[in-house]
Amino acid sequence: MFTVIDECYIEVLRLVKQAGSIINEKIYQPKEVVTKSSEIDLVTEWDQKVEKLLINGISSKYPDHKFIGEESTAMGQKVELTNAPTWIIDPIDGTMNFVHGLPHTCISVALLINKTAEIGIVYNPILDQLFTARKGQGAFLNGAPIHVSDKKELRNSLLMLETGTSRDPEQLEAILQNINKLITRVHGIRTLGSAALNICMVALGGADIYFEFGIHAWDFAAGELIVREAGGVSIDPAGGPLDVLSRRALCASSMELAQELSKLITQYYPERD
Ligand code: IPD
Ligand code: CA
C-alpha cells in the first residue's frame, strides 16, 4: 500500500535532486560568504536559497508540516520539535568545504513524525553519493543496500571526528583532549568536514565510529537514521539515548564500540538547540 510517507519521500527526493544541481553548479564559482556564530561558521547565499527551495517545495504540498532549518534558525526562527511531521534540514552541510571547493558537501534532510525519524536523506551531488533510509526499510547508497562494518573494538576502528565551527575555548579543549586520548587507541582518525557525510561513512562501513559535540539537529538527524538502518547505533556520547536537540551525537557500527568510546572521552555539553 502506498502511504503518505512514501509520497513525502518521492517528493523530497525530487526537491533534493533539484537542490543538488544548484550546489553542483555553484561549488567552483566565486561566492559571497558571511559568518554566523563564529568567524569559522560560514554561510553563503546558496545555503539560504537551497533551504528556501526545499521548505517552499515541501510546504506547497504539505502546508501543515513543520520545519527546523539551519538557515531559518540563523534568521531567528525558534527550534521547536513537536509530534507534528517535522522536516529537519541542513541545505548545505560542509559549508566550509563548499566555500573552498572541497567536494565533501551535502544536503541533509530528515522527516520526523511523533519525534521519530521516518526518512533520512544525505546527498552529495558533487561526488554523486545519495544516501537514503526509511524507518524499518534499510539504508542505501545510490539505491544499493549498505551495511556498517563488523568492528567491535576501538583498537581496530577508523574514527571520524571534527574540529567544529566554534572557537569556544572550553569546546576546543574537549576536542583536543579527545584527540590526545584517542589517537593511540584507534586505527586512525579522519575528518571530512561534514557531520552528515562522516555519519554516512559509518553507515557505509568505510569508517566505524563518529562523535561530535556542538553539532545541531540538522547536521545529524538524517545521518543517524541512515546509520541505524545500516545496522549501526546512534547514542548520546555519554552512553544514553540520543537526543536530537542536545547538540551531541555518537554513531557507530556496534553498541560495544559506541560504549567503549563513550567511557573514554571528555564530555562537553553545549547549549541545547
Ligand atoms: C558543520 C559541519 C561540520 C561540523 C560542524 C557543523 P555546516 O555544519 O557538519 O563538519 O563539525 O559542527 O556545524 O555549518 O557546514 O552546516
Ligand atoms: Ca549548513
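In this predicted model, R247 is placed in the loop that runs between strands β13 (233-235) and β14 (248-252). The backbone of R247 carries a positive phi of about 65°, although R247 is not a glycine. A second residue of this kind is N114, whose phi is near 55°, again a positive value in a residue other than glycine, and N114 sits in the loop between β5 and β6. Such residues deserve a remark because most residues other than glycine have a negative phi.

The domain assignment divides the protein chain into domain 1, covering 4-145, and domain 2, covering 154-264. Taken over C-alpha atoms, the centres of domain 1 and domain 2 are separated by 20 Å. Contact between the two involves 42 residues of domain 1 and 27 residues of domain 2. Together, domain 1 and domain 2 bury about 2400 Å² between them, and 71% of that area is on carbon and sulfur atoms. Of the area that domain 1 buries against domain 2, I40, D93 and F131 supply 22%, which is more than any other three residues.

Polar interactions also cross this interface, where nine residue pairs are found in polar contact. On the side of domain 1 that touches domain 2, the elements giving two or more residues are β3 (66-69), α3 (70-74), β4 (86-93), β5 (106-113), β6 (116-124), β7 (129-134) and β8 (139-141). Strand β6 gives the most to this side, with seven residues. By residue class, the side of domain 1 that touches domain 2 divides into 18 nonpolar, 16 polar and eight charged residues.

**Salt bridges**

The count for the model comes to 13 salt bridges, while the count between domain 1 and domain 2 is one.

| Salt bridge | Closest N and O atoms |
|---|---|
| R134 with D6 | 2.9 Å |
| R167 with E39 | 3.5 Å |

In the pair formed by R134 and D6, the closest N and O atoms are 2.9 Å apart. Because R134 lies in strand β7 and D6 in helix α1 (residues 4-26), this pair ties together parts that are 128 residues apart in sequence.

Since E70 lies in helix α3 and D90 in strand β4, the pair ties together parts that are 20 residues apart in sequence. Both α3 and β4 are also among the elements that give two or more residues to the side of domain 1 that touches domain 2.

How values were computed:
Residues are numbered from 1 along each chain as its sequence is written. Chains are lettered from A and ligands numbered from 1 in the order in which they are written. This is a predicted model: local features need pLDDT of at least 70, side-chain atom pairs count only at pLDDT 80 or more; totals for chains, interfaces and linings use all residues. Side-chain values use heavy atoms; hydrogens and water are left out. Domain bounds come from an automatic or database domain assignment. Contact means heavy atoms within 4.5 Å. Buried area is the accessible area (1.4 Å probe) that two parts lose on being put together, summed over both. A salt bridge is a side-chain nitrogen of Lys or Arg within 4 Å of a carboxyl oxygen of Asp or Glu. A polar contact is a pair of N or O atoms within 3.5 Å; within protein, one must be able to donate a hydrogen and the other to accept it, and residues adjacent in sequence count only if both atoms are side-chain atoms. Helices (H or I, at least four residues) and strands (E, at least two) are DSSP runs, numbered from the N terminus. Ala, Val, Leu, Ile, Met, Phe, Trp, Tyr, Cys and Pro count as nonpolar, Asp, Glu, Lys and Arg as charged, and the others, Gly among them, as polar.
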